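Please look at the sequence and the model below before reading on.

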Amino acid sequence: MAGAAWTDVRAAPLVLVPVGSTEQHGPHLPLSTDTVIAEAVAGRAAGALRPDAEGQVLVAPAIAFGASGEHAGFPGTVSIGHEALKAVLVETVRSLALWAGRVVFVNGHGGNVPTLDAATGQMRAEGHDAAWVGCGVPGGDAHAGFTETSAMLHLAPDLVRPFDAVTGDARPLAAIMPDLVAGGVRAVSPSGVLGDPAGASAERGREIVAAMVASAVRRIAGGRADERGRLLDPAVPRT
């Protein structure tokens, strides 16, 4: 969309809106990591959906500030919080709804999830065709570890710094959650990493991003969402 003129926009397109964050990702990954991944998944998903879509599929400019309060202990992090993010998401849908047929947020940051649930749930209650899908993969680590480091080595290798000496807290997220909620990421991991980037590679990143895109395409094409607007995998039956 950013390079389009208004005359390029056809009637009632599907619009994918990447939602990321500007937050620390350890000493080796850029502050834009979540946004880079969300933009890539949205762009590649749009390319995969276009041959099968009856109408146009557009990718909007990314929303690059999210709810990142848990990373506030690290310089460079910019968090607008849940209330402000919800307002941005709600007004984005209301504006797009004047000409778009369907809006799907493509989320790259886990901290945005409660706000996406609240905003898209409200928009659906108002009658808008809005939903959201995440960029996670099964078994991925929490933050700036193997998963995101590999993805960034594939998507933006020039932005990845050496990580051989980078260490983080590799315990399961459930084990560290109480300390994380009480004191933020810095209280748990001085490096800002939750996981372990050791062994990350561009090849594994290519596979990880491909899995993210395939999941997003299935969910967007399937169009089945829960009451919060989370798109469900059509291959997985409801429980």
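**A walk through the model**

Ala 144 lies in the loop between strand 4 (130-134) and helix 4 (146-155); helices (H or I, at least four residues) and strands (E, at least two) are DSSP runs, numbered from the N terminus. The model is predicted: local features need pLDDT of at least 70 and side-chain atom pairs count only at pLDDT 80 or more, while totals for chains, interfaces and linings use all residues. Residues are numbered from 1 along each chain as its sequence is written, and side-chain values use heavy atoms, with hydrogens and water left out.

Ala 144 is not a glycine, yet its phi is positive, at about 65 degrees. Ala 144 is buried, with a relative accessible area of 0%. Here buried means under 20% relative accessible area, exposed means over 50%, and partly exposed is in between (1.4 Å probe, protein chains only). Ala 12 also has a positive phi, near 50 degrees. This alanine sits in the segment before strand 1 (14-19) and is partly exposed, with a relative accessible area of 49%.

Next comes helix 1, residues 33-49. Its 17 residues should span 24 Å, and its end C-alpha atoms are 24 Å apart, which agrees. The expected span is 1.5 Å times one less than the number of residues. Of the 17 residues, 12 are buried, so helix 1 is largely enclosed by the rest of the structure. Among the buried ones are Val 36, Ile 37, Val 41 and Leu 49. What covers the buried residues of helix 1 includes strand 1, strand 3 (102-107) and helix 6 (202-222), where contact means heavy atoms within 4.5 Å.

The last topic is charge. Side chains of opposite charge can pair when their charged atoms come close. A salt bridge is a side-chain nitrogen of Lys or Arg within 4 Å of a carboxyl oxygen of Asp or Glu, and by this rule there are eight salt bridges. One of them joins Asp 117 and Arg 230, whose closest N and O atoms are 2.7 Å apart. This pair links distant parts of the chain, 113 residues apart: Asp 117 is in helix 3 (residues 113-125) and Arg 230 is in the segment after helix 6. Asp 117 counts as buried at 14% relative accessibility, whereas Arg 230 counts as partly exposed at 26%.

Glu 203 and Arg 206 form a salt bridge as well, with closest N and O atoms 2.8 Å apart. The two are three residues apart in helix 6, so about one helical turn separates them. Glu 91, Arg 94 and Glu 126 are linked in a network of salt bridges.
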